[in-house]
Amino acid sequence: MKLVDIDFLGAAARSTAVARLCPMPEYSVAETLAIARKAALHFQQTRGQSGIQALHNEQATLPLIASARTLFSVGSYLRRLPEGVRYGNANELLLSAAVAFAMYGNFPSAHSSIRLVEPEYISGNDDRVVAAALADPRSVSTLLQYSMRPATAELLLTWERFLRTGDERIAETVKVALEKIMLHSDLSEAALLRNARVAMQQAVVLSVARSLRRPDVGLPDAFVEGLLDDNVLTLLPPQHRLLSDGQFASRTENALLNLPTSTGKTLLAECCVAAVLRNGPGLAVIVVPYVALGNQITAALKRHLHKTDIRVTGMFGGFKLDSALQPALRREVLVATPERFDAWLRYNGTDDSLKLVVFDEAHSIANSARGARLEGIITRLRLRQTQRGGFRMIALSAVLADASAFLEFLGVDAANYFVDSWRPTARHLAIWSTTGDLIWVFGNDSLRPSQLTPLSTLGSHMVQWPHSIEAPPTWQKPEAQPKREVTVASQDNVAYLAQYLLRLIGGPILVICMTRESTRLIANAISLRLPDDPTKALSRSRLAQVAATLAPWYPTLPAMILKGVAFHNASVPPELRRHIEEAVGRRELDFVVSTTTLAEGSDLPFRVTLVESWIVGFGADARPLDALMFRNIAGRCGRAGMFTEGDTVLYENVLGPAHLTSQQATRRSVIASMIGSPPALQSALPIDGLKHDHDARYAALSAQVIAAIPENPSDEALAQRLSQFSYARKVLSPQRVDQLFATIVADMLSESDGEPLAKAASPIRLTDLGAAVNRTGLSTTTARSLRSFLRRETTPSGFYELIVDIILEFAAAPEQTDSYLQKLVGSKKQKGFATIEDLPAITAGWLEQRDAITIFQSMPRYKASKAKEEYKQRQFDKFVQTLDSVYGNFVPWLMRAANQLAPFGAEWSRAVRWMDLAESLEKRVAPDSFEQSEEALDLA
């Protein structure tokens, strides 16, 4: 039998379509099963470590991958169709699929497949027990609880002993015992066990205990024990290639890992952390763009390092020093957002304790002002590496296409660039067309036939839109808004599709929206379509109570949660967002409706991602989702170990500017670009004409240049060197980037606003004022404005007035990114309910811990308004986010900065306990000593 004679790609495509109820010829199911079994049979005789490792090559193993997927898809299909037994037993197909997945090292999918097999099917047959144990090492302890023959139990116990020790002599004992069992099995079970023998050899090669305990891998035994305690028993093929074959953890060169979502990049980073701290004190850092991702990584590190003396600390949020780390004395791991890592570098960046920096989601350098800050941090570190060395940098990403410029930026050579298309979970893509066709397309699936395009149809069936929606006419202005009833109808379409996908494919389902308002309204529309689920009432009621306590301003949210639905956006308190994420992990919620913030790097068990709109922005600024963001969104479904596949479904929303939406051909062309390979990564540095928010990006870079001066005390051409090492110079005009850095340095040297921040003393050095500014993390412009504020002769009469004065003075500062506050303070015509006159009452409400809705509804404009409730709710969404952003983050940052700059201010500013004030705002408690009085200022 030759594999070229078998249409395994067609079989996989047909089975994927069948599992999604796309009509197929009657014979197709039986035919696809026959092809899948033949393809698996071809690999049944694989032997030896080299042969087993050859199965890690995705291209060479496509027939086996197709076989596993086909068996799984048909098995899943038959589970829902009792009348389909003529094609085979669903449990038998799912178990066979699990073994086929394991044959090429995809143990997460094997585990997911076995979870769907009815326990009675496995427990009733010893051969099936053995096959399940070899295909899914994580299940051995569970399988040992079944009743079985003594010889079978002994095999499982021996297998478990190997998985914990990695002793190959024990593995050989298992193999001998397995072959004895095969001699007494009937024909069908013997075929299953022959495949399981390949799976067993694969588990031996990928065994954590065997692979990671080797001295040349460079990992401490206690860390490996921590992995095993957490039931991490096998590596994925890309992990094995890097750690065992490539000794990646013990290398010292910079590296870039460009691997798909769910291929275990974070575990690779953990191994590098454990290896670099193996021999003594020091600091390893993992920089993350989002708090949710940081919490996940911190928790995993603590589990895996619990048998070592390595201390793991998470630091998230805005710029703030935390001096708890002692890397000169002990082994420390810091998981931090860029702002917190930046603060640590400014205070400690000249010592030699830093050993490793890992940048997770490294493509975030393209994202606005935060991207500019991140690029500046990496640029500083690269410059330091060339002068002093001593530490390693590793960048992680799942979405890079052309990485050549990024490799040069990071100083990564070809031997340390690791790119692989291997992934444990299949990714499927569908479009819900305006015609009512739910169309599955091939997308970028590795099993797509070479002659087809990403938009080639895999299968489709009719799911009529409940509400017909017309695209806007071509003559309509881009800024024209659709009628309210049309928007509501479109949102109900999305709710209908979400409920349909839950029945068709399963959940949980993540619905991605482009606005906070849409998350609320679509979540409500979904909940109205759902019945109560008594089996989850208790667990959901606990979350509903938490929501009622933490966000009483969303009175309908608890009722949604009781139906299994929650919305997740920046207006929801961070603590409640964390509870919602944890509830998804426990599978208590069926739907989460979120803005794109949850689509960036979070690792939650969503089975389906539904994209509510493919257009971001409004009016003339509206544009399609870029390919980079779409890849991130699609990567949120199909979590390895929970599912074998993830489906991303795109609603062909026609509510947007006519030039994007009026013609289906235009829509499909845009969507084709969106789902294709993203363009080369861009820089967020403020080169004119590149992006919006120029001032914020300039400020972020300005603050990085200030920090670079004391880190490079002997560099006589710092501006040129920073430009040379920046990513922007690799992808933008070198002359304009050179000019940008020169302009920033010239601004620091300027004496036009009094004392300069730096002196051109060849090399450049900070003045005393500049050194204080460096400790603030602020830009040159904002720091000078803050110094001027602190020099005012007018003395604030109390704490509340001081806060209001700071808000009014710095609402337009480039570091203050909340648009609601910018409009509140800077616009002459106020459309919202809050006014400048309300700021004292808002401040008092914040410090007295009144809930946000009470503060909002107490404002005079709100009380007098006759606006519709939906308008009031939209205004509140903006207001509640502003409270946390301004009072909980930005103003405390300014107060800590004021503490550094007060020695350069008026006498009153030196009497203020700025650090206490910052902490009071964050904790929402005003100290008694800060009460207003008739004295000049009672703040000391």
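## An enclosed strand

Seven of the seven residues of strand 8 (residues 426-432) are buried, so strand 8 is largely enclosed by the rest of the structure. The model described here is a predicted one.

The burial extends to both faces of strand 8. One side carries Ala-426, His-428, Ala-430 and Trp-432, and the other carries Arg-427, Leu-429 and Ile-431; all of these residues are buried.

## Partners of strand 8

Strand 8 runs parallel to strand 17 (residues 645-651), to which it is joined by seven bridges. Within strand 17, Leu-650 stands opposite Ile-431.

With strand 9 (residues 437-441), strand 8 pairs in the antiparallel sense over four bridges. Here the bridge partner of Ile-431 is Ile-439. Strand 8 and strand 9 form a hairpin, with four residues between them. In the turn, Gly-436 has a positive phi of about 95°.

## Two packed helices

Two packed helices are described by the angle between their axes and the distance between the axes. For helix 35 (residues 799-810) and helix 40 (residues 869-901), the angle is about 90° and the axes lie 11 Å apart. Angles of 65 to 115 degrees count as roughly perpendicular, and helix 35 and helix 40 are therefore roughly perpendicular to each other.

Helix 35 contributes Phe-799, Ile-803, Ile-806, Ile-807 and Phe-810 to the contact. From helix 40 come Val-886, Tyr-887, Phe-890, Val-891, Leu-894 and Met-895. By class, the contact of helix 35 with helix 40 comprises eleven nonpolar residues, with no polar and no charged residues.

Terms used:
Residues numbered from 1 in each chain as written. Predicted model: local features only at pLDDT ≥ 70, side-chain atom pairs only at ≥ 80, totals over all residues. Heavy atoms only, no water. Axes fitted to C-alpha atoms, helices over the stretch in contact; angles between N-to-C directions. Helix = DSSP H or I, 4+ residues; strand = E, 2+ residues; numbered from the N terminus. Parallel < 35°, antiparallel > 145°, perpendicular 65-115°, else oblique. Contact = heavy atoms within 4.5 Å. Nonpolar A, V, L, I, M, F, W, Y, C, P; charged D, E, K, R; others polar. Buried < 20%, exposed > 50% of the residue type's maximum accessible area, 1.4 Å probe, protein only. Pairing = 2+ DSSP bridges.
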